[in-house]
Amino acid sequence: METNPTYYNDLINRYFSGDATEKEAEELAEWIKADENNRKAFDKENKLFQLLNKSTIERSVNIDDEWIKFKTAISGSVNSGQEKYTLPPEQTSRKIWLVRALRVAAVFVILAIGSYFLYPYLGKVENRILTASNEIKKASLPDGTKVTLSPGSTIMYPSRFKEEKRKIKLEGEAYFEVRHDESQPFLIAAGNISVEVLGTSFYVNTNAPGNTVEVKVTTGKVAVYYSDKPENKIILTAGENTSLSKTENELPATENMLPSVSEKIEFVDQPLSKIVTRLNNIYNADIRLASENLGNCRMTAAFENQSLASVLNVISSTLDVQISRKGNSVIISGEGCN
Amino acid sequence: MQKSFELQNTENNSIQILNEEIFEKLFREHFKGLCFLATRYVKDMETAREIVQDVFVAFWEKRANIDLSKSPKSYLGTSVYNKCLNYLRDNRKFNKDLLIAENLFTDVPAEATDVLVVEEITKKIESAIAELPEKCREIFVMNRFEQLKYHEIAEKLQLSVKTVESQMSKALQHMRLRLADYITLLLLILYFMKNN
């Protein structure tokens, strides 16, 4: 007798599902006779399957269809002497052989299909080019990242991301939904500018006006930097964007700036216009308001030795405004206040 | 139990011959129950359906000769019983011990669901199924309602048969728990009937 605890349970289930072989049925019968508890367990399963079958029959037997089938059967010259559903013995063994052959064929089919999916992981890495001509083009990259290319844009990427970073090249405009993978950052090379992400959705335009590369982040976090100076990064989070000049080599000097004076900064119900002035002084920045009535928005906050970026983050969530950078300036935009 | 298909004896006490209208009533009333009975034997719904269809066809062809003062239900039941046993024998699925354990081999069992209200079980089953985790539920539905065998499910979902089996085991375990009351009821009736 087997000692695997689920063995007989599985056997019983197979039996009631019609999947047990003749030998298994005999084995089951022996087991039931061996112990009253076994018999009880069998009874319970029996009842369960009866209930399930009753329910299945309710669902799947359509009486109208069955009546039509019946009428069809009696209208023709039906030879009801022959039991149609029972196979004559020689056909039974042939059928079993056929079923076995089909099973083997199925295994081969599965293997064949399986290796088709494996194929991208084998063999040399090739470079792929994807261009959208006069229509938007959507595609999936080898890691599952989704990219939407604007017409006239091109990306170049390897058939397999096997480097330290998932690196692709972009010319033009594209929207990316990057699959999250902390162990392998996703890197977009746009000329001399790099955009690096972990897992996020964002927009890159390498042909932005003013000879700049523009990056807008929808969700997640993105690092933008000049490819030859990766240690100087601009970190953009959701709702933020930036433009980097293609001709320059210096980051807009506002992002990770720390206050020139290490003092506590406090605003108590101050209008944004005053706040901006003060911040510009403290951080030596060039923060501008996109519209005048933004200056009327008031807020209360306190910062101690925070970078300008953090302060701007707090302002943007408190007042529900957008922060963007143009060159060395920071622009605050949104609905104004009265 | 002759209910909806009242076979009236005429004044002459002769046996009335079934016409199609009455036959249809019989058919509609008993088809599902007989399917259920056949399924208990052959463990396969498609085969069960075919057997019941054939039983009704044979019944129709012999209708002139059948003594209908007896219950057609028991006639049909006996017919299904015999055809099922023949099927099992012919397909090497006949195991007397197991049939006895299932109470299918002594007298012809009544359609043992008279006691239970069908709608109630169906709702209970549906809600129990909805509680299953997604993959588990998918496999369970494929086996129980789409009548797919384990290896067919395994192929379709690209899983091993062992996985399918263990998922079915989990699903059935869950169903057993949720339907425990009904199962107890059925068992009580069974033991009650046995001891009488």
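Predicted model: local features only at pLDDT ≥ 70, side-chain atom pairs only at ≥ 80, totals over all residues.
User: With which residues is L319(A) in contact, leaving aside its neighbours within four places in sequence?

Analyst: On that count, the partners of L319(A) are L272(A), C297(A) and M299(A). A related reading is the C-alpha distance to R298(A): 8.0 Å in space, for a pair 21 residues apart in sequence.

User: How many other C-beta atoms lie within 10 Å of W31(A)?

Analyst: W31(A) has 19 other C-beta atoms within 10 Å and is therefore partly exposed. This residue sits in helix α2 of chain A, residues 22–34. Eleven residues along the chain from W31(A) is F42(A), and their C-alpha atoms are 9.8 Å apart.

User: At roughly what angle do the axes of α2(A) and helix α3 of chain A cross?

Analyst: A helix pair is read from its axes, then from the residues that meet. Here the axes of α2(A) and α3(A), the latter being residues 36–60, cross at roughly 120° and come within 5 Å of each other. The two helices are therefore oblique to each other. On the α2(A) side the contact uses W31(A), I32(A) and A34(A), and on the α3(A) side N38(A), R39(A) and F42(A). By class, this contact has four nonpolar residues, one polar and one charged.

User: How many residues of chain A are in contact with chain B?

Analyst: The size of an interface is often given as the accessible area lost when the parts come together. Here the reading is a residue count: 51 residues of chain A are in contact with 56 of chain B. On the chain A side, α1 (7–17), α2, α3, α4 and α5 (89–118) each supply at least two residues. The largest share, 18 residues, is from α3(A). Sorted by class, the chain A side has 20 nonpolar, 14 polar and 17 charged residues.

User: Which residues have the most contacts inside the largest nonpolar core?

Analyst: A core is read by its members and by which of them have the most contacts. The largest nonpolar core has 29 residues, and those with the most contacts inside it are V195(A), V204(A), V215(A), V222(A) and V224(A). Strand β7 of chain A, residues 186–190, gives the most to this core, with four residues. Another core of 27 residues lies apart from it, and includes I12(A), L28(A), F49(A) and F140(B).

User: Which residues does V224(A) touch, not counting those up to four places away in sequence?

Analyst: V224(A) touches I193(A), V195(A), V215(A), K233(A), I234(A), L236(A), T242(A) and L244(A).

Conventions:
Residues numbered from 1 in each chain as written. Chains lettered and ligands numbered in written order. Buried ≥ 20, exposed ≤ 12 C-beta atoms within 10 Å, placed from the backbone. Axes fitted to C-alpha atoms, helices over the stretch in contact; angles between N-to-C directions. Parallel < 35°, antiparallel > 145°, perpendicular 65-115°, else oblique. Contact = placed C-beta atoms within 7 Å. Nonpolar A, V, L, I, M, F, W, Y, C, P; charged D, E, K, R; others polar. Core = buried A, V, L, I, M, F, W, Y, C linked by C-beta atoms within 7 Å.
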